[in-house]
Amino acid sequence: MTPPPKGADAPGAEAPLLSVTDLRTYFHTNNGVARAVDGVSFTVAQGETVGLVGESGCGKSVTALSLMRLIQSPGRIEPGSSVRFEGTELLTLSEADMRRVRGNRMAMVFQEPMSALNPVFTVGDQIAEVARIHSRASRRDAWRQAVAMLELTGMPAPEQRAHEYPHQLSGGMRQRVLIAMALMMNPALIVADEPTTALDVTIQAQILELLADLQRRTGTSILMITHDLGVIAETARRVIVMYAGEVVEQSAVGPLFATPHHPYTEGLLAAMPRMGRRRDRLRVIPGTVPPPTDWPTGCRFRARCQYSWDRCANEHPPLYDLGDGRRSRCHLAVEPGRRAHPHEPLAAQAVPAR
Amino acid sequence: MPLPPLLISGASTPAPRWRGSKTAVVACAALVVVVLLALLAPVLTSYGEAQILPGSELLPPSRTHLFGTDVLGRDVLTRVLYGSRISLGLAFLATVVATALGTAVGAAAGYSGGRVDALLMRLVDTLLALPRVLLLIGLLAIWPQLPLHVFVLVLGLTAWFPLSRLVRAEVRAIVTRDHVLAARALGSGHLQIVFRHVLPNAIGTVLVAAPLIAGGVIVLEAGLSFLGVGVQPPTASWGSIAYDGFEVVNSAWWVALFPGLAIAFTVTAINMLGDVLRDALDPRQLPLR
């Protein structure tokens, strides 16, 4: 009785499926170096759903594309970064080997289900194509698998729908097609980049449920990238909060919602509408994410933070370990007393409200 | 009041909708007629292509000679029919060559981007800057007895530059689309992306441009033959017949007029076909109307 072969040097069941270490993806533009992802580390375990949240421009999507090594010039994953997946370092793989990972072991679901499908081929054809790329499946077998996959995603009349073109399907159906394509080869990890953002709220819930259901059946891991904490609350077990190209907080979902440690997370939660809580107006985080060519020194969130003090200007906060798998990139971790003295953030003072 | 017809979307297999378009019908019919006339030339006329009828020089159109006769006493209708074989054949083959080259260069430049793109496009800029007619006249002056197949090649090799720029621009736009990124994310290789995800989406551009190239080649061939440097006598092409008629245009207008009409008729039909093809093959305009 020998155990089934795992990844080449997987030391055991405890090794995470994906471990990203000090990932830095810089864009070398004429206007300077945009450090879109700047030293991000996290892991995703087998069968786990991890949420990656943050607002636009904080580096979520670039992180996702970096995992798949889909960054295009002038973007570059900087030396020293590491993405280990199923025991293999992806960043040093040859392009041909990397192609065998993409769509096969690690697949992606995109935000815009319309534009992510090729308008000139039927959806069945496009799903079948995945099998044709990664296996020696015959045309007929690939088609049969594609129809079966569509059925698995809850597509009504899959046999007939497979013959239709993307523009003939609704947004929700197209997203099912994209999910079918992603799941075709039964990948170990699905990177879902804002999979529900372009959909109606009712369809959103269906798609999230579908993803969760498929995950239960196939045991795949999901990295759920979103700006919507509601989506995280519904799907993920663990959350990574990104801001300005960095991880600013890491936590299990429950504790994060109960007691956010980083002021940015606090702001995100306060900006989220919640049932059963009476409030006349949602709070906003003043200001915007600074441009990635020009991250502030010290704490990158300082200008928008209601607790900032001089230490935040001078010292770039490390990702403090708070125990219980929680981490926060905020000096409040070592000076918790400061939380008692909130003030108007700099960004709010600079730009008078309305 | 009659009920509006039920809109039945052809659901699974959308057929191109050219039946609905009058332009399509007219253009296709016209081209079919032109091609049939060319193919059936020996059946349609009892005269030979270069057969001289002594004593019948410069006869005006009549029942025996519908298009009249030329200065040597040859039946103009016969020559126009046989000439269409040369003119259409040249146009078709030259267009195939030009379309293939233009698409290949455009796709290579647009997909590669960067230095390859810059290099190829500067090359095309240079080629576009050359006056094509003068270039061809020069070439044909150096090599007057240019065999027809070389002439075709030369026409094709000098007709692809504008198409390559169109295709390149289209490809540049297509490669930034999400479905190309999605294809990469699914593990597709470069060739697969180019042939499945990029070029099929650029086909509209090619299909609209190809008839324009064909029309251009017909006109250019006619022009060169008219200048006496293209198709050489006694072989007839529309341009060479018009050339024969040019000297006597004041006394015998029919010799130059009919080949001219043939050119205008054919080129118009071809251009119409280009538009129809674009409309018909754009899948976003298939059912669900």
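Which residues have the most contacts inside the largest nonpolar core, and how many residues does that core have?

Modeller: Happy to! This is a predicted model, where local features need pLDDT of at least 70 and side-chain atom pairs count only at pLDDT 80 or more, while totals for chains, interfaces and linings use all residues. Residues are numbered from 1 along each chain as its sequence is written, with chains lettered from A and ligands numbered from 1 in the order in which they are written.

The largest nonpolar core has 167 residues, and those with the most contacts inside it are A:Ile127, A:Val191, A:Leu223, A:Met224, B:Val198 and B:Val217. Such a core is a set of buried Ala, Val, Leu, Ile, Met, Phe, Trp, Tyr and Cys residues joined through C-beta atoms within 7 Å. Buried means 20 or more other C-beta atoms within 10 Å of a residue's own, exposed means 12 or fewer, and partly exposed is in between, with C-beta atoms placed from the backbone. Helix 3 of chain B (residues 76-112) is the top contributor to this core, with 16 residues. Helices here are DSSP runs of H or I of at least four residues, and strands are E runs of at least two, numbered from the N terminus.

Let's start with A:Ile127. Leaving out residues up to four places away in sequence, A:Ile127 touches A:Ala146, A:Met149, A:Leu150, A:Val177, A:Ala180, A:Met181 and A:Met184. A contact here puts C-beta atoms, placed from the backbone, within 7 Å.

Now for the boundary between the chains: 26 residues of chain A are in contact with 20 residues of chain B. On chain A, helix 2 (95-101), strand 7 (106-109) and helix 3 (123-134) each supply at least two residues of the side that touches chain B. Helix 3 of chain A gives the most to that side, with 3 residues.

Elsewhere in chain A, strand 3 (residues 49-53) is largely enclosed by the rest of the structure, because 5 of its 5 residues are buried. A:Thr49, A:Gly51 and A:Val53 are buried on one side, and A:Val50 and A:Leu52 on the other. Strand 3 of chain A runs parallel to strand 9 (residues 221-226) of chain A, joined by 5 bridges, and A:Leu52 has A:Ile225 as its bridge partner there. Strand 3 also pairs in the parallel sense with strand 10 (residues 238-243) of chain A over 4 bridges; pairing takes at least two DSSP bridges.

Chain B, by contrast, has 11 helices and 0 strands.

Methods
Contact = placed C-beta atoms within 7 Å.
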